[in-house]
Amino acid sequence: MNTDIIWPGNTKIPPTDKGLPGKTTFRIGFIAPMHPDLAGLSELGKEFESAFRVAVEMMNKDLTLAVDFDIRIQDGGVDSNASCKLAAEELAKDDVVAVIGAYRSSCSQAAAGVLGEFI
């Protein structure tokens, strides 16, 4: 059983500490359906985003945790294939190490097609 942790960049060396003293900062992404044309789904996506922000804020304030999170948020858009692919490409440019979402499985599949190469 391999117990080595492989960090972004295919290295065994953890990222440098950019957050609070004693904490390592990880940039994570979030994709949710927030486009106004999605009507009720858009409202749900905005609620997901709000809950995500609150959770990250709570974790970043917790001094017992050894990590901080820097977040990047993307709208999954109307077209779950093209829009989500573009959202994933933007997150890849932002050097995220993980992505939460997307709410729609077709969007998640499109994003994974892009992010699987980077994360």
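The legends below describe close-up views of a predicted model.

**View 1. Overall fold of the protein chain.** The chain contains 3 helices and 3 strands (DSSP runs, H or I of at least four residues for helices and E of at least two for strands, numbered from the N terminus). Their order along the sequence is β-α-β-α-β-α. Of its 119 residues, 29% are buried (under 20% relative accessible area, with exposed over 50% and partly exposed in between; 1.4 Å probe, protein chains only).

**View 2. The largest nonpolar core.** This core (buried Ala, Val, Leu, Ile, Met, Phe, Trp, Tyr and Cys residues joined through side-chain atoms within 4.5 Å) has 13 residues. Those with the most contacts inside it are Ile 31, Ala 88, Leu 91, Cys 107, Ala 111 and Leu 115. At least two core residues come from each of helix H2 (82-93) and helix H3 (105-115). Apart from this core lies another, of 7 residues, including Phe 30 and Met 34.

**View 3. Surroundings of Cys 107.** Neighbours within four places in sequence aside, Cys 107 is in contact (heavy atoms within 4.5 Å) with Ile 31, Gly 76, Ser 80, Cys 84 and Ala 102.

**View 4. Leu 44 in helix H1.** Leu 44 lies in helix H1 (residues 40-61). Leu 44 is partly exposed, its relative accessible area being 31%.

**Notes.** Residues are numbered from 1 along each chain as its sequence is written. In this predicted model, local features need pLDDT of at least 70, side-chain atom pairs count only at pLDDT 80 or more, and totals for chains, interfaces and linings use all residues, while side-chain values use heavy atoms, with hydrogens and water left out.
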